[in-house]
Amino acid sequence: MKWAPENAENYATLARLDELAGGRDGEARALELRQKTTQVEPHNAIYWLERAMSEDEASEPEYAGPDYLRARELFPMSPDVNRALGEYYLRQWRGDDALDALRIAVAGDPGFGPAIFGELWRAGIDTNVVLKRGAPWDRETLVAYLDALAAQGALDDAHSVWRQIQALGGGATQDSVQYDAFQYVDALIRFERTDELDAVWAQVAPAEARAARAPGNLISNGGFEEPVLNEGLDWRVLPADGVFVSVDAAEAHEGSRSLRIEFGEAGNLAYQHTFEFVPVESDADYEFTGYLRAAGITSDSGPRFDICDAADPQGLNLATDDIRGTTEWTAEHLHFRTGPDTRLLIVRVQRSPSATFDDRLSGTVWVDDVRLAKAAN
């Protein structure tokens, strides 16, 4: 600064260092330096932005506001400037002005979308106002908004955004628009919004996943003829130490593939890592069928099918007999009635730990032709 007092970047750099040092003294010095920076170089939008943010932090909104506007005057389409200005307006309860600025920020940098949309929801800005004021939103931006609302559990608001996405037309699963609403689907699962869940999944699931659901079968991809999506209402496989899961094209009960679960000295583990969420009706009778085949299952507690209420596993929890040793394909059946509050089931491959202390599970089990349907009257 002494050698080159006309170089504004020196003042700006020292201001950033003082701000990093923290404390009131550091923040006060940073603000003084940023005021000096804009005096030396009054035509740099970033310097005015940093000055405004320092004034904002110092609870001086009467100075921060004009300086945010000066930054935008110098760089009107800057995503960073407009985001900072929009967030300032939110703190000042100027919702319309905030939306105008934040719309430019998201358009310029879509990566800002999730954070900005979350801020708008927490600030209490009505979703329909956001959709109208920010129009026209493109599909990618609307999906970011959908995900942000889903992450907050604001599913009524998310449904409004979902309808807007559908209104755009053009096909919900086009790869060219990088459409992905699985986070919304997961939120619907988490809050058991089953009335919406099936309809949304029918829109967002890949075509091959929809085709893999046989007529009358509530299980998606029950024959594992298509890749496991690990999302939505398809099978999910979580990692477990010593367990290897894959689709096996050399072994099947029906069709050409099955799911292979190999326990490679997995220890005496509790396994429930392969599962699928299934929407169902309350107070209704259901029939379950699935096929298992085993090779070299060493434990006295082998794998089995398990079905439980996703919200209340103790209220509804059924299991087939476990399978041990080496077997051919074996049909497993369950008949049950859902409870008055049951809306979502978890169907899974499960193994309970053995009561034998040193029992170590190894071997392979294949899963195929899994079906769940309402029982005939």
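This is a predicted model: local features need pLDDT of at least 70, side-chain atom pairs count only at pLDDT 80 or more; totals for chains, interfaces and linings use all residues.
# Notebook: salt bridges, a helix and its cap

I started with Arg94, which makes a salt bridge with Asp97, the closest N and O atoms being 2.9 Å apart.

Entry 1: Arg94 has 38% relative accessibility and counts as partly exposed. Asp97 is partly exposed too, at 30%.

**Entry 2: another bridge.** Next I checked Arg133, which forms a salt bridge with Asp96, and here the closest N and O atoms are 3.7 Å apart. This pair links distant parts of the chain: Arg133 is in helix H8 (residues 127–133), Asp96 is in helix H6, and they are 37 residues apart. Arg133 is partly exposed at 35%, and Asp96 is partly exposed at 40%.

**Entry 3: a bridge between strands.** Arg260 and Asp248 meet through their side chains in a salt bridge of 3.7 Å, N to O. Arg260 sits in strand E3 (residues 258–267) and Asp248 in strand E2 (residues 243–248), so the pair ties together parts that are twelve residues apart in sequence. Buried or partly exposed? I looked up Asp248 and found it buried, with a relative accessible area of 11%. Arg260, at 25%, is partly exposed; the cut-off for buried is under 20%.

**Entry 4: the count.** How many salt bridges does the structure hold? I got 27. Some share partners, and in that way Glu9, Arg16 and Glu50 are joined into one network.

**Entry 5: helix H5.** At 1.5 Å a residue, its 13 residues should span 18 Å, and the end C-alpha atoms are 18 Å apart, which agrees. I also asked how enclosed H5 is. Eleven of its 13 residues are buried, so the rest of the structure largely encloses it. Among the buried ones are Pro79, Val81, Leu85, Tyr88 and Tyr89. What covers them includes helix H3 (45–57), helix H4 (61–74), helix H6 (95–108) and helix H7 (113–122).

**Entry 6: the two ends of H5.** Which residue caps the N-terminal end of H5? That is Ser78, with a side-chain oxygen 3.4 Å from the backbone nitrogen of Asp80. A polar atom of the Ser78 side chain also lies 3.1 Å from the backbone nitrogen of Val81. Ser78 itself is in the loop between H4 and H5, and it is buried, at 3% relative accessible area. After H5 comes Trp93, whose phi is positive, near 60°.

**Entry 7: Ser54.** I picked a serine in helix H3 next. Ser54 counts as buried at 7% relative accessibility. Leaving aside neighbours within four places in sequence, Ser54 is in contact with Glu19, Leu31 and Arg34. I also looked up Ala64: it is ten residues from Ser54 in sequence, and the two are 7.9 Å apart in space, C-alpha to C-alpha.

**Entry 8: helix H11.** In H11 (residues 182–190), the buried residues are Phe182, Tyr184, Val185, Ala187, Leu188 and Ile189. They pack against helices and strands, including helix H9 (139–152), helix H10 (155–168) and strand E4 (271–279). Just after H11, Glu192 takes a positive phi of about 55°.

Entry 9: Last, I looked for a nonpolar patch. Met1, Leu14, Leu17 and Leu20 make one of about 390 Å². Leu17 belongs to helix H1 (residues 8–21).

Definitions and conventions
Residues are numbered from 1 along each chain as its sequence is written. Side-chain values use heavy atoms; hydrogens and water are left out. Helices (H or I, at least four residues) and strands (E, at least two) are DSSP runs, numbered from the N terminus. The expected span of a helix is 1.5 Å times one less than its number of residues. Buried means under 20% relative accessible area, exposed over 50%, partly exposed in between (1.4 Å probe, protein chains only). Contact means heavy atoms within 4.5 Å. A polar contact is a pair of N or O atoms within 3.5 Å; within protein, one must be able to donate a hydrogen and the other to accept it, and residues adjacent in sequence count only if both atoms are side-chain atoms. Patches are made of residues with over 30% relative accessible area and no salt bridge: like charges are joined within 9 Å, nonpolar side chains (Val, Leu, Ile, Met, Phe, Trp, Tyr) within 5 Å. Accessible areas come from the Shrake-Rupley method with a 1.4 Å probe; for residues, only the protein chains shown count as cover. A salt bridge is a side-chain nitrogen of Lys or Arg within 4 Å of a carboxyl oxygen of Asp or Glu.
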